[in-house]
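Subject: Handover of a structure, with notes

Dear colleague,

Please find below the structure that I am passing on to you.

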Amino acid sequence: MNELKTVFEASKAGHRAVMPEPLDVPEAELPEALRREAPPPLPELSELDVVRHFTRLSRRNFGVDSHFYPLGSCTMKYNPKVAEAISALPGFTTLHPHTASVAPYLGICQGALAVVHDMERLLADIAGMTAGCLQPMAGAHGELAGVLLIAAYHRHRGDTERDTILIPDAAHGTNPASAAMAGFKVRTLPSDKRGVVDFEAYADLMNDQIAGVMLTCPNTHGLFEPKVAEMSALAHEHGALMYYDGANLNAIVGQCRPGALGFDVMHFNLHKTFGTPHGMGGPGSGAIAVGERLAPYLPAPRVVKQGDRYGLVISEQSIGQMAPFFGSFLVALRAYAYILALGDAGMKRVSEGAVLTANYVLARLKETWRPAYEGFCMHECLLTAADVTAAHGVRAVDIAKALLDRGFHAPTVYFPLTVKEGLMIEPTETESRETLDAFCDALLEIARLAEEDPDALLRAPETMPVGRLDQTEAAKTLNCADLP
């Protein structure tokens, strides 16, 4: 079978895999208008051909189990297999999701409810806040939940004139989208020349119409916001609340708590910080944590411990249900196992390792690839290829493609938009020094080629199943039929 064929192209008439016995139930009588004129043209292959076809396809993928995956601001790190095994325990996977919503069956899902209850408490403790909630299904969903909580808080107080959220110019794009979906206007906070929020501009924008401030700390420039405590104090002085975007929590987990920095609500990316799968459309989990003033508004129902049993309660002030079945339960279960396995000391090692590896990469590359901002970084280092682009015509996208040829997934490119030709590299704490050195060596070689043979980079990738595509055409025409 040609490795580049689709499963339909590989089909051969008469080939069969497993043929089950005919069903022993009567066929349904379908209306004539719903009947097919002919059977669907499904592919015909032997079972072995099917297995080989999809195994070959799987070998084309880049993933954390096969390659270094240094996507900045995404924390694509190793997922411990022990957590995978725990999330596959049949007592959890075979539990019907409706058991928790039908009172007579609460007794058979006490273990799962205990996980939800304890995980929410663990996250609240990590956050330095009062309570947690697992319902939001992804980071942006957690953002939306948090901003809805801010809206509910102000509405309950009769403070209905607050209609604006402040968001830095380097924020993740979901921040303004979430704020807008919750009904707020958005005003942008500029960065200063150091790559952090311009505090004077922030103070000028703060007024009694501001409902909240959404802040990522460290920010998407990979830098800790040095005035975060002052920003929180000023927001609270004006009656606004602070939202912590937890996308970069891997940099500070175990070291400091967002609640101690003055934040009132935050979301976690369990699929970033806590060792659960990330990417390819899910599953994600955007669990949230809140301070005392927002706890009454948390999504419902809430799992509570009543004596030695777990039950459900609904607060009258709740913003309602954000997702069924307590969110992505098995993702939360993986993260629960991860947190318990590491403990407090292990969590500190996570952030220490993440910051150390990012600064190691920065130290090896900064003489060749210019850092976007001066000084030490946190969990990710942000470089710019703007000088190389101006001198040799090689852009960040060309560097990304060339890394594929060398066995590495590309770092994040062109984000944040505040940096021209940006290369955002997040090594995470799970990669070895040997891997980091090989990656840095590849980028140094690419820098040399940019000077000596830039056309070689413009042709990349040359070792992948598909070479350089017309990106505009590929985005418009999602048709692979003409690929070689």
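The model is a predicted one, in which local features need pLDDT of at least 70 and side-chain atom pairs count only at pLDDT 80 or more, while totals for chains, interfaces and linings use all residues. Residues are numbered from 1 along each chain as its sequence is written, and side-chain values use heavy atoms, with hydrogens and water left out.

The seven-stranded sheet

An open sheet of 7 strands has the order β1-β7-β6-β5-β4-β2-β3, and its pairing is mixed. Helices (H or I, at least four residues) and strands (E, at least two) are DSSP runs, numbered from the N terminus, and two strands pair if DSSP finds at least two bridges between them. The edges of this sheet are β1 (131-133) and β3 (185-189), and each has a single partner strand, so one side of each is left without a neighbour in the sheet. From one strand to the next, the twist averages 20°. For this and later angles, axes are lines fitted to C-alpha atoms, for helices over the stretch in contact, and angles run from 0 to 180 degrees between N-to-C directions.

Strand β5 (residues 241-246) runs parallel to strand β6 (residues 265-268), and 4 bridges join them. Phe 268 in β6 is the bridge partner of Gly 246. Strands β4 and β5 also run parallel, joined by 5 bridges, and Met 242 in β5 is the bridge partner of Val 213. How many residues of β5 are buried? The count is 6 of its 6 residues, so that strand is mostly covered; buried means under 20% relative accessible area, exposed over 50%, and partly exposed in between, with a 1.4 Å probe and protein chains only. Leu 241, Tyr 243 and Asp 245 point one way from β5, whereas Met 242, Tyr 244 and Gly 246 point the other way, and all are buried.

Contact here means heavy atoms within 4.5 Å.

The axes of α5 and α6 come within 9 Å and cross at roughly 45°. That makes α5 oblique to α6, given that angles under 35 degrees count as roughly parallel, over 145 as roughly antiparallel, 65 to 115 as roughly perpendicular and the rest as oblique. The crossing of α5 with α6 is right-handed; a crossing is right-handed if the near helix is turned clockwise from the far one by less than a right angle, and left-handed if anticlockwise. Ala 140, Glu 143, Leu 144 and Val 147 of α5 make the contact with Thr 174, Asn 175, Ser 178, Ala 179 and Met 181 of α6. These residues divide into 5 nonpolar, 3 polar and 1 charged, where Ala, Val, Leu, Ile, Met, Phe, Trp, Tyr, Cys and Pro count as nonpolar, Asp, Glu, Lys and Arg as charged, and the others, Gly among them, as polar.

A second open sheet, of 4 strands, has the order β10-β11-β13-β12 with antiparallel pairing. Helix α10 (residues 329-365) lies across β10, β11 and β13, at about 25° to β11.

Helix α12 (residues 396-405) and helix α13 (residues 433-452) have axes that come within 10 Å and cross at roughly 125°; they are therefore oblique to each other. Their contact divides into 7 nonpolar residues, no polar and no charged.

Backbone details

A cis peptide bond joins Phe 415 and Pro 416, with omega about -5°. Pro 416 is in the loop between β12 (412-413) and β13 (422-425), and Tyr 414 lies in that loop too. Tyr 414 has a positive phi of about 60° although it is not a glycine, and at 26% relative accessibility it counts as partly exposed. Ser 73 has a phi near 65° and is buried, with a relative accessible area of 3%.

Yours sincerely
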